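Subject: Structure for you to look at

Hello,

Here is the structure I promised to pass on. Please open it alongside this message.

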Amino acid sequence: MAKPVADPTVRLELGVDRSSPVPLYFQLARQLEAAIERGALTPGSLLGNEIELAARLGLSRPTVRQAIQSLVDKGLLVRRRGVGTQVVRSQVRRPLELSSLYDDLEAAGQRPATRVLANTLVPASAEAAAALGIAEGQEVHRVERLRLAHGEPVAYLCNHLPVGLIALEDERLEATGLYRLMRSAGITLHSAHQSIDARAATAAEAERLGEPGATALLTMRRTTFDDRGRAVEFGSHAYRASRYSFEFHLLVRS
């Protein structure tokens, strides 16, 4: 006999505010999404029966179904015949501030991991040289990494650094984030110039990130400076749009 699967939503503090103008299905969907983002509902978790969840929250079954379907549409849940509704993944939401992807994933409970794809000295391209303020063709350290969350690829990271800035052994790069390595070497990160774009994935990127061909990717280019005004790294990154987003906090200027 198959062993019954415990309902992970039973352990969550779920509730709705009936006096709020926010639709009940949206309130429930947002709470479930937040639980997925913080790791309380991990990939592979099975949600309980819709009828039982509706009864526990005092909601109609169509309301619960609508909440779950909205997360299915976002790619966070999937309905599997004979299995039930299962958590697939969570989307990384990164604030626009000077932080590393590794730190952001760790803070979100996403279990970051790194796979080093290349770690070598190369002549600086025109773009990398301009960003780092050095002569084109001057030797720089090029590091290519695949960043994973819960064992699933999230981003491809390519960084150029001045030679001799920090020790860049593969073991250290796989154990933590680049900014942590800089800080541990006594480098104080001060500011960065960053641009964000979007484009279709190349065949190599799609295969590397586990996406279908020509899927849209978010891209970011960033040059980071220390407190002495030195450019300490130039990064060119590609993120899975299905797993990753940037958050903006805007102020109204009077």
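Below is what I found, grouped by region. Keep in mind that the model is predicted.

Salt bridges

The count comes to 9 salt bridges. Side chains of opposite charge can pair when their charged atoms come close.

Start with Arg221 and Glu127. Their side chains meet in a salt bridge, at 2.6 Å from N to O. This pair links distant parts of the chain. Arg221 sits in strand E8 (residues 216-226), Glu127 in helix H5, and they are 94 residues apart. Arg221 is partly exposed, because its relative accessibility is 36%. Glu127 is also partly exposed, with a relative accessible area of 39%.

Next come Arg240 and Glu211. Their side chains form a salt bridge, 2.9 Å from N to O. Arg240 belongs to strand E9 (residues 231-240), and Glu211 to the loop between helix H8 (203-209) and E8, so the bridge ties together parts 29 residues apart in sequence. Are these two partners buried or exposed? Arg240 has 3% relative accessibility, so it counts as buried. Glu211 is at 14% and counts as buried too.

Asp226 is buried, at 3% relative accessible area. Arg230 is partly exposed, at 32%.

Helix H5

Back to helix H5, which covers residues 126-132 and holds Ala131. Ala131 counts as buried, because its relative accessibility of 18% is under 20%. Its C-alpha atom is 8.7 Å from that of Arg222. Along the chain, Ala131 and Arg222 are 91 residues apart.

A charged patch

Last, the surface. Glu169, Asp170, Glu171 and Glu174 gather there in a patch of negative charge. Glu169 is in the loop between strand E6 (152-162) and helix H6 (170-175). At 39% relative accessibility, Glu169 counts as partly exposed.

Best wishes

Technical notes
Residues numbered from 1 in each chain as written. Predicted model: local features only at pLDDT ≥ 70, side-chain atom pairs only at ≥ 80, totals over all residues. Heavy atoms only, no water. Patch = residues over 30% accessible without salt bridge, like charges linked within 9 Å, V, L, I, M, F, W, Y side chains within 5 Å. Areas by Shrake-Rupley, 256 points an atom, 1.4 Å probe, with all protein chains shown as cover. Salt bridge = Lys/Arg side-chain N within 4 Å of Asp/Glu carboxyl O. Lys, Arg positive; Asp, Glu negative; His and termini not counted. Charge placed at Lys NZ, Arg CZ, Asp CG, Glu CD. Helix = DSSP H or I, 4+ residues; strand = E, 2+ residues; numbered from the N terminus. Buried < 20%, exposed > 50% of the residue type's maximum accessible area, 1.4 Å probe, protein only.
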